[in-house]
Amino acid sequence: MTSLLEHPRGAEPGKPGDRSAFSFETITRLPDAADGKGRGGARYGRTGILHTPHGDIRTPAFVPVATQAAMKAVLPESMRQAGAQCLLSNAFHLFERPGEDVLDAAGGLAKFMNWDGPTFTDSGGFQVLSLGAGFKKTLAMDVTGMKSDDVIAKGKERLAFVDEDGVTFKSPLNGSMHRFSAEISMCIQHKIGADIMFAFDELTTLMNTRSYQEDSVERTFRWAKRCVAEHERLTAERLGKPYQALYGVVQGANYEDLRRHAAEQIASLDFDGVGIGGAIEKRIIGDTCAWICDAMPESRPRHVLGIAAVDDIFACVENGGDTFDCVAPARCGRNGAIFTRDGRYNVKRAEFKFDFGPLEEGCDCYTCTHYSRAYVDHLLRAREFDGFTLATIHNERFFIRLLDDIRASIDGGYFDEFKRETLERFYRNGSKG
Ligand SMILES: [Zn+2]
């Protein structure tokens, strides 16, 4: 059998990528909620198969984040062994280093990092605009009692400036000035060559004023139209490459009317899917997904950008999310925070020094089947790279399996019970995440 890494679907010499190589197929729809609350109990949750030129993704699916075309300290082969179906990299970081031309010459992101499966890139908008204020935290935040000082890091130099055409920013890597726009982002993402890309959008925080949010949604729509046009031009021009799907991103912060308006705008354009992005207050994260799904054709897959916690994942799946990326498992793992079905704990606590059991009893990951808490604790304290490797493998496996289990619960007709039991158990001890 020929590998999709060497011969992606729908790529033929001398021809533009075949768009039919990308599609979404619904398998099971989540039945209406028994309590009939909210939208008469109607729910958008579903399982399905996302077909891409580099393979299929069973959804709902967790998308591990390989920021710089690498999972820090973990090889793609190990991610495959941990059950990962796809990976997401960062267009902004790859543009900075090694540069999109290197990935293009290598035959695209998947081939460059030896990942025989589907890949995503985000547009770079989030990273570029994060330079603007040095956000401490932007997604799914609890803003109760917060002031703008709590969100915008103190003393941080402003590195990005938005205008009608795009964003000018200073590289945090070498201080040089760069510019991102809809066309530049599309050109970079085409050269990086992921199966799924995102339109360039403006990210706002919940601290921006209502009138700024309104202007920003309109600006994002104008950028979205330019992204679609540039994407069509590049698809027609870059012959012999597999088709790359483009998702439009819905912004609008925590305003229902703005989210609905933005969703209608994005739905009116010829995108392959939708990204649910921007700052969302945790308490309305599920509602936000549902407002957006109200406007979207069912055939368009929905990606929730930068999800933060286990309860957020359930809320988003229930309300229509298909794929979810999250940096938390790797980032937390490197600090010793371990996710388990009974909540999160830190393996560097003194009590684990002589604990020769696994990170999580019953876990099927490579770490838990071969190594002990005492060893992982030792490696992390000694700042040995293997500690990052072992902790990351376990945490990524936790989220991959969580989404696999959620998918099985929707197909098997027991989602509500599974959700209740999982959340009760995970948060019983006041666990974060
Ligand atoms: Zn494990």
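A: Two strands pair if DSSP finds at least two bridges between them. The strands themselves, like the helices, are DSSP runs numbered from the N terminus, with at least two residues (E) for a strand and at least four (H or I) for a helix. This is a predicted model, in which local features need pLDDT of at least 70 and side-chain atom pairs count only at pLDDT 80 or more, while totals for chains, interfaces and linings use all residues. Residues are numbered from 1 along each chain as its sequence is written.

Three strands make up an open, antiparallel sheet, in the order β7-β8-β9. Its edges are β7 (160–162) and β9 (177–181), each of which pairs on one side only. From one strand to the next, the twist averages 20°; angles here run from 0 to 180 degrees between N-to-C directions, along axes fitted to C-alpha atoms, for helices over the stretch in contact. Three bridges link β7 to strand β8 (residues 166–170) in the antiparallel sense, and Ala 160 faces Phe 169 of β8 across the pair. Helix α7 (residues 182–192) lies across β8 and β9, at about 90° to β9.

A second open sheet has eight strands with parallel pairing, ordered β4-β14-β13-β12-β11-β10-β6-β5. Here β4 and β5 (87–90) are the edge strands, each pairing on one side only. Ignoring direction, neighbouring strands of this sheet are turned by 25° against each other on average. Within the sheet, strands β10 (residues 196–198) and β11 (residues 245–250) run parallel and are joined by three bridges, with Ile 196 opposite Ala 245 in β11. Helix α9 (residues 256–267) packs on this sheet, touching β11 and β12 (273–276), and its direction makes about 155° with that of β11.

Now for the domains. The assignment, automatic or from a database, gives domain 1 (62–326) and domain 2 (330–433). Their C-alpha centres lie 27 Å apart. In contact terms (C-beta atoms, placed from the backbone, within 7 Å), 20 residues of domain 1 meet 21 residues of domain 2. On the domain 1 side, β4 (61–64), α1 (76–81) and α11 (310–318) each supply at least two residues, and α11 gives the largest share, five residues. That side divides into 15 nonpolar, three polar and two charged residues. Nonpolar covers Ala, Val, Leu, Ile, Met, Phe, Trp, Tyr, Cys and Pro, charged covers Asp, Glu, Lys and Arg, and the others, Gly among them, count as polar.

Finally, a site from the record. An unreviewed UniProt entry lists Cys 363, Cys 365, Cys 368 and His 394 under "binding site". They span 32 residues in sequence, yet no two of their C-alpha atoms are more than 8.3 Å apart, so they gather at one spot. Such positions follow the numbering used here, with feature names shortened, and annotations may be inferred rather than shown by experiment. Cys 365 sits in the loop between β16 (343–346) and α13 (366–370), whereas His 394 belongs to helix α15 (residues 385–411). A residue is buried if 20 or more other C-beta atoms, placed from the backbone, lie within 10 Å of its own, exposed if 12 or fewer, and partly exposed in between. Cys 365 is buried, because 24 other C-beta atoms lie within 10 Å, and His 394 counts as buried with 26 such neighbours inside 10 Å. Beyond four places in sequence, Cys 365 is in contact with Ala 82, Ile 393, His 394 and Arg 397. With the same exclusion, the contacts of His 394 include Cys 363, Cys 365 and Cys 368.

Conventions
Two residues are in contact if their C-beta atoms, placed from the backbone, lie within 7 Å.
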